Amino acid sequence: MRVNFSAAGAIKRLQVLKVGLTSHITFVLVTLTCAAAVVLCGFAWLAAVKVDDLSLRRQADFVRQGLEEQIAALPREQESVTKWDDAFLYTKQRNHEWLLDNVGQWTNRYFGHDRTYIFDDTNRLMFAFRDGADAMPPRPGDDDGQEMTALAGEMRAVLVERAAKPGAEALGQLAKVRTIMIGNRPAIASARPILPSSARMQIEAGQEFIAISVKFIDGKTAENIAHHALLEGLHFAPSKGEDERAQVLVSSHNGGTIGYLVWPPILPGFMLLHQIAPAGLGCLALLITVVFWLGRGLHRTSLTLLDSQEQLTHHRNHLEEMVADRTAEIERQREELDRLLVHERQVNALQRQFVAMASHEFRTPLAIIDAAAQRLCRSTTNVSGDYVHEKAGVIRSAVVRMVDLMESILASGRLETGQITLKRSEGDLKAVLVTCCDRQRHLSRTHVFHLDLEPIPDVLTFDRSAMEQVFTNLISNAVKYSPDAPDIHVRARADDKTVEIAISDSGIGMDAEDLPKLFQPYYRARSATGIAGTGIGLNVVKQVIELHGGTVEVTSELGKGTTFTILLPIEFLLSDQQVAA
């Protein structure tokens with residue numbers, strides 16, 4: 001009883017300790033979650049501030065660049081009318097109608113110049129175009145007369161100074177650009193001399209006419225700057241805006257302040273925070289709730305776990321064994337699936353390769369048959385028997401080629417499905433080899449076949465059709481892969497146990513790396529690239545020879561030819577039993 005009482009007390013003390021521990025864990029989890037949330041929010045706010053500062057600096061740089069481009073563009077736009085033979089001539093003639101059409105209205109319509117003035121060689125205003133209208137008589141506006149006269153005088157002084165200094169800046173490059181206030185509007189003004197564009201006309205120094213163009217910054221220019229900077233709401237303001245980061249100073253030519261280009265600041269960082277803040281706060285509250293709930297669940301579960309600890313310990317070893325066995329089984333199944341997947345991919349790739357090669361192989365003899373038949377059809381008169389015999393021979397050769405190809409494909413299919421049964425009968429193996437060589441001799445008259453078949457016994461038992469297919473494949477390969485080596489050697493050797501037949505050529509040969517895979521279905525050596533073939537013939541050869549109890553070997557060297565050696569056991573060839581695949 002004391003033991004039981006002591007054990008119960010120990011369990012109770014352990015339960016109290018467990019409850020206190022889980023309560024402490026719950027408090028720590030909630031505290032850490034809140035601290036992590038605060039740190040995350042702080043980092044998000046700091047990142048937003050940094051992103052917004054960078055964005056505003058880039059906005060200001062784009063606006064500043066756009067303003068500088070507008071200032072630099074005004075003298076370039078003026079050049080289209082101030083460096084022109086016609087403008088020089090008609091200005092000297094004081095042709096008001098021409099100047100109105102080709103200077104005033106043209107620069108206003110195509111370049112957006114708000115005002116255009118032309119001063120003559122005495123610095124007297126002779127043409128004025130203001131705000132889309134011709135000013136007659138020519139006079140400056142009430143708000144810009146002093147500035148325009150002063151700018152024309154500065155340009156005249158520069159021209160006079162240049163005339164006294166040979167080698168000074170090119171006359172066509174002279175321009176005076178000013179940023180000024182016209183009335184209460186900021187403007188860009190540019191003065192350039194009107195000069196001929198060719199050497200056909202000359203002008204005396206100091207006799208130049210001066211053209212002045214004006215663009216108001218708070219008009220179309222501000223829209224162009226806003227378009228360049230991709231900003232909405234950009235406008236000119238005489239004083240600073242609320243956010244000094246979202247404004248660019250517009251200075252006068254003498255360093256004074258004209259005003260500011262101001263725009264509503266784009267703050268991508270705080271925009272993102274504003275969009276995600278409600279969801280973020282909701283997620284934070286939900287996270288804290290979940291953590292607290294999990295802590296309370298941990299508190300309740302710990303008591304249950306204490307009671308279940310012994311049972312879990314009891315079953316642990318058994319479960320570990322089951323898990324280990326199941327893991328091993330799953331791993332074995334995974335390896336098997338991986339192997340099957342690799343095999344399936346290889347089979348699919350080989351089948352696609354075979355379909356492409358077989359279609360090409362069938363197309364070639366069909367084209368030969370069609371060409372020969374068309375020639376026979378066109379030759380309806382005066383056709384000799386030799387001609388018909390020749391074309392018929394071409395057709396028959398192509399048909400034989402197709403039949404051999406179809407037999408190879410069908411034999412490969414039957415071998416793969418296990419549907420071949422050797423129909424062995426007594427026959428002359430030498431005669432089969434001679435027949436196959438004669439057939440190839442008709443197909444390729446450039447090759448010479450050297451036969452040494454005497455050691456082969458006169459009567460053997462074999463499947464004639466299958467062996468014809470074997471020798472046809474090997475001999476046709478020897479011909480096909482030795483286009484520049486006409487000699488084909490077919491040699492035989494026999495002893496008490498084996499009949500050996502070797503077919504050799506001196507053609508393109510193969511790499512040693514290709515030899516181990518040469519008898520796989522649809523595989524072709526790398527040296528056979530560009531030469532038609534299906535890759536199934538050698539697989540059929542290997543399987544037919546093995547059904548006859550024999551083996552086939554290959555030796556080859558790149559560029560020096562290939563030798564296939566067939567080894568057939570005499571004992572098998574002299575028996576009369578049938579062998580099923």
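Biologist: What makes the charged end of Arg424 count as sitting over the ring of Phe572?

Modeller: A charge sits over a ring if NZ of Lys or CZ of Arg is within 6 Å of the ring centre and within 35 degrees of the ring normal. The charged end of Arg424 is 4.2 Å from the centre of the Phe572 ring and sits over it. Arg185 sits over the ring of Phe216 in this way too, 3.9 Å from its centre. This is a predicted model, where local features need pLDDT of at least 70, side-chain atom pairs count only at pLDDT 80 or more, and totals for chains, interfaces and linings use all residues. Residues are numbered from 1 along each chain as its sequence is written, and side-chain values use heavy atoms, leaving out hydrogens and water.

Biologist: Why is the aromatic pair of Trp106 and Tyr110 called tilted?

Modeller: Rings of Phe, Tyr and Trp (its six-membered ring) pair if their centres lie within 6.5 Å; planes under 30 degrees apart are stacked, over 60 edge-to-face, the rest tilted. Trp106 and Tyr110 have 5.2 Å centre to centre and 40° between the planes, hence tilted.

Biologist: What makes the pair of Phe519 and Phe564 edge-to-face?

Modeller: The planes of Phe519 and Phe564 are at 80° and the ring centres 6.3 Å apart, so the pair is edge-to-face. Both Phe519 and Phe564 are buried.

Definitions and conventions:
Buried means under 20% relative accessible area, exposed over 50%, partly exposed in between (1.4 Å probe, protein chains only).
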